[in-house]
Amino acid sequence: MLLFYQRLLELSPNDVGALNNLAYLLMNQPGREAEAVNLAERAYKLSPGNADIMDTYAETLIRQNAPETHEKAEMILRRAIQQKRREGIDIPPGFYVHLGQSLLGLGRHAEAGAQLDLAEERLRAGNVFEDVEVLKSKIRDARAKLNEVR
């Protein structure tokens, strides 16, 4: 898939979907996190009102694991959630997971726990179009970090 999106971007450098999807794939590859952030930021700048693009960009920022990137991710994720609400679309549980991760990175543990609770509620409600096992793993990891600080 990486080659597909790289080739697509050669042909159409401002293809928001390709930028977003390539960023998502690269953020999981060691040593390519900065490239993922750059691609996600480009997609975000081209489509600043797209909540799904915001979520990917925020997730790449969270993985940078620095206070300033967690703050920026929180702001972007809150905007993404507001955008979904305005559109009348159910908020994907991943948005809440990522917001919880950013709050955890900022040391705001109670707020992080509340966001993880919302993510779990959304998972139980069903109609999830995300990888449920990946989300559950992220929630477990975040809860483990919360338990370490308690």
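1. Arg32 and Glu35 are joined by a salt bridge (a side-chain nitrogen of Lys or Arg within 4 Å of a carboxyl oxygen of Asp or Glu), with 3.1 Å between the closest N and O atoms. Arg32 is partly exposed at 24% relative accessibility, and Glu35 is partly exposed at 33%. Here buried means under 20% relative accessible area, exposed over 50%, and partly exposed in between, computed with a 1.4 Å probe on protein chains only.

2. The model is a predicted one, in which local features need pLDDT of at least 70 and side-chain atom pairs count only at pLDDT 80 or more, while totals for chains, interfaces and linings use all residues. Residues are numbered from 1 along each chain as its sequence is written, and side-chain values use heavy atoms, with hydrogens and water left out.

3. The structure contains 13 salt bridges. One of them pairs Arg63 with Glu59 at 3.2 Å, N to O. Arg63 is partly exposed, with a relative accessible area of 37%, whereas Glu59 is buried at 3%.

4. A further salt bridge connects Arg78 and Glu111 at 3.8 Å, N to O. This pair links distant parts of the chain, since Arg78 lies in helix H5 and Glu111 in helix H7, 33 residues apart. Salt bridges with shared partners bring Glu74, Arg78, Arg108 and Glu111 into one network. Helices are DSSP runs (H or I, at least four residues), numbered from the N terminus.

5. Thr60 belongs to helix H4 and is buried, with a relative accessible area of 0%. Its side chain reaches the backbone oxygen of Tyr57 at 2.7 Å. Leaving aside residues up to four places away in sequence, Thr60 touches Ala23, Met27, Ala36, Val37 and Ala40, a contact being heavy atoms within 4.5 Å.

6. Helix H6 covers residues 93-105, and its 13 residues should span 18 Å at 1.5 Å a residue; the end C-alpha atoms are 19 Å apart, which agrees. The expected span is 1.5 Å times one less than the number of residues. Twelve of the 13 residues of H6 are buried, among them Pro93, Phe95, Tyr96 and His98. The buried residues of H6 pack against helices H4 (51-62), H5 (67-87), H7 (109-125) and H8 (132-149). After H6 comes Gly107, which has a positive phi near 80°.

7. Ala66 sits in the loop between H4 and H5 and counts as buried at 15% relative accessibility. Its C-alpha atom is separated by 26 Å from that of Ala18, 48 residues apart along the chain.

Technical notes: Helix = DSSP H or I, 4+ residues; strand = E, 2+ residues; numbered from the N terminus. Polar contact = N/O pair within 3.5 Å; in protein donor to acceptor, adjacent residues only side chain to side chain.
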